[in-house]
Amino acid sequence: MVADGSGILVQRNDAARALLPAAHPGAHLTDVAPLWLATAHRAVAAPDARGERGSKAPAPASGEIDGLHFEAHSTLCADGTVAWWLVDDTNHRLVREALRTQRERTAFLAKASSLLLSSLNLGRCMEVTARMAAEHLADAALAIAPSRGHRLPVVTCLRGDSPRTSQEEVEPEDVPGLGEALRGFPPVPSRWIDPASAPDWMIPDGFGPVGSIVITPLPGHGVPAGALVLLRKVGSASFTDEEEVFARLFAARSGAAMSAARLYAEQTGVTEVLMRELLPPTLRQVSGVDFAGGYRASSDHERIGGDFYDVHPAAVEGQPSLVALGDVCGKGLEAAVLTGKIRNTLHALLPMADDHQRMLTLLNTALLNSHHTRFATLVLASAVREGNGVEVKLTSAGHPSPLVIRADGAVEEVDTRGTLVGVVPKVPARTATVTLSPGETCILYTDGFTEAKGGPMGDAQFGEERLRRALSECAGMPSEGVVEHLQMLASQWLGQRRHDDMAVVAISAPRTHHLSAVGGHTRGRYTA
């Protein structure tokens with residue numbers, strides 16, 4: 001198709017006649033061609049500021065003709081006319097538009113996954129789900145978790161607003177498609193759901209009438225994680241089949257994140273319950289004997305490990321209290337599980353606490369008959385108040401010998417030896433008895449202290465000699481002070497270096513004479 005500088009059509013071919021039936025030589029382009037093409041012709045044919053035409057190659061013009069999209073290219077002829085040829089790029093544009101949409105959706109899903117996986121908090125995951133769905137998929141969105149009793153946890157978000165959390169006392173089956181979605185059934189098409197059936201609790205304040213609604217399940221790990229509800233206002237385009245499919249892709253990611261968060265919360269709750277049973281107890285004065293303990297796990301992020309201690313007060317006033325301190329082979333949770341078994345077994349053997357050898361034999365049998373392949377070292381101590389002092393009976397089963405801090409600062413090793421438990425059928429042990437005068441302390445400890453590597457060069461063990469010198473400085477200290485001093489020295493020696501579990505128990509004879517106590521659990525009254 002050729003037109004002169006004034007826009008009068010000069011020539012046309014058969015293709016131009018088929019595309020623009022009204023176009024004929026002598027007609028003006030503004031009368032027979034779309035406005036975008038006539039405008040482009042004027043721009044090409046008009047002279048520039050220097051009075052010249054065609055000084056720059058014009059960019060192709062584009063527009064629609066009868067529902068199809070064309071790209072128009074021009075050539076300025078020597079006689080001043082302009083030749084136009086049009087290329088149908090409708091399919092190319094559709095492909096480019098589809099590719100752009102796909103890229104946007106892929107980027108959206110990637111962003112959603114990143115935000116959802118950044119938190120293992122269920123409420124946070126529900127808020128992210130509702131907010132992102134409202135921003136990109138609908139005018140408003142609701143993330144609904146499975147019911148808790150008669151209440152539905154719901155997070156509602158209106159586009160441009162903040163998510164709002166609520167507990168709705170409603171029956172999901174009253175909303176078409178919601179009950180099925182919460183049970184994990186495939187969603188029904190949005191065209192089957194009457195927007196007028198949406199209950200008031202589902203429509204955000206100020207939203208207005210609902211034009212279309214999508215309800216899709218949030219799939220979880222084995223069980224449904226909830227449901228996603230998308231709302232569009234009256235006047236907004238209804239959900240297409242393609243949009244519903246994409247909403248299900250988004251829901252799959254959200255459901256997986258919510259399910260992971262719920263599992264994490266459940267496991268955390270179970271772990272906390274078990275952890276409370278595995279943590280070392282808080283020690284106190286029992287029947288006129290001072291007890292103090294300290295524990296440090298091998299890793300700062302762990303609270304339990306393979307070292308443990310317990311103090312079991314005597315059932316009858318005036319009888320010895322049993323102290324157990326041990327070290328299970330290994331670290332972390334597996335060692336802590338065996339630690340819990342040993343502590344429970346010792347607790348069951350308390351009726352024979354006066355016979356250390358028998359307790360060790362029965363404990364050894366229990367460990368040999370279990371599926372565990374780990375072993376443990378252990379020291380038992382029975383402490384009872386005798387006048388102003390404390391008598392302590394000690395038995396070691398493959399454990400470092402206890403140390404006694406005398407009033408003059410001397411540190412003595414208790415002569416007790418034995419075989420570790422959980423390895424061989426027999427565990428012979430030698431029991432020793434020491435008497436603590438007022439202000440003296442017996443220390444039970446694990447090898448995490450003596451084998452701790454640190455110091456100025458970073459590779460020297462703390463060692464038994466250094467431990468003895470440190471304890472000699474604690475003469476006369478109360479049991480709590482001895483434990484705190486020992487832990488402080490170990491921390492300074494280690495710095496930020498790796499270390500084994502460390503546990504310590506101090507048994508002291510108070511400097512004052514014990515007169516009375518309430519159930520043996522308070523400081524009672526003392527005299528000098």
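Two strands pair if DSSP finds at least two bridges between them. Helices (H or I, at least four residues) and strands (E, at least two) are DSSP runs, numbered from the N terminus. This is a predicted model: local features need pLDDT of at least 70, side-chain atom pairs count only at pLDDT 80 or more, and totals for chains, interfaces and linings use all residues. Residues are numbered from 1 along each chain as its sequence is written, and side-chain values use heavy atoms, with hydrogens and water left out. The points below cover an open sheet, the buried residue D139, two residues with positive phi, D66 and S287, and the loop residue M477.

**The open sheet**

- Five strands build an open sheet, and their order is β12-β13-β14-β15-β18. The pairing is antiparallel.
- Strands of a sheet pair through backbone hydrogen bonds, either parallel or antiparallel.
- β12 (307–312) and β18 (431–436) each have a single partner strand, so one side of each lacks a neighbour in the sheet. These two strands stand at the edges.
- From one strand to the next, the twist averages 15°. Angles run from 0 to 180 degrees between N-to-C directions, and axes are lines fitted to C-alpha atoms, for helices over the stretch in contact.

**Strand pairs and the helix on the sheet**

- β12 pairs with β13 (residues 321–328) over 6 bridges, in the antiparallel sense. Within this region, F308 stands opposite G326 in β13.
- Helix α9 (residues 356–368) packs on the sheet. Helix α9 touches β13, β14 (376–386), β15 (389–397) and β18. Contact means heavy atoms within 4.5 Å.
- The direction of α9 makes about 150° with that of β14.
- β15 and β18 also pair in the antiparallel sense, over 6 bridges. E391 stands opposite T435 in β18.
- In a regular strand the side chains alternate between the two faces of the sheet.
- A432, V434 and L436 make up the covered face of β18. T431, T433 and T435 make up the uncovered one.

- D139 sits in the loop between α5 (122–136) and β6 (140–144).
- D139 counts as buried because its relative accessibility is 14%. Buried means under 20% relative accessible area, exposed over 50%, and partly exposed in between (1.4 Å probe, protein chains only).
- A polar atom of the D139 side chain lies 2.9 Å from the backbone nitrogen of K233.
- Leaving aside neighbours within four places in sequence, D139 contacts L158, R159, F207, L231, R232, K233 and S236.

**Positive phi outside glycine**

- D66 is not a glycine, yet its phi is positive, about 55°. D66 lies in the loop between β3 (61–65) and β4 (68–76). At 71% relative accessibility, D66 counts as exposed.
- S287 also has a positive phi, near 50°, in a residue other than glycine. S287 is in the loop between α7 (241–278) and β11 (290–296). At 19% relative accessibility, S287 counts as buried.

**M477**

- M477 belongs to the loop between α11 (463–472) and α12 (479–494).
- M477 counts as partly exposed, at 28% relative accessibility.
- Leaving aside neighbours within four places in sequence, M477 is in contact with T441 and V482.
- M477 and A45 are 432 residues apart along the chain, and their C-alpha atoms are separated by 104 Å.

Conventions:
A polar contact is a pair of N or O atoms within 3.5 Å; within protein, one must be able to donate a hydrogen and the other to accept it, and residues adjacent in sequence count only if both atoms are side-chain atoms.
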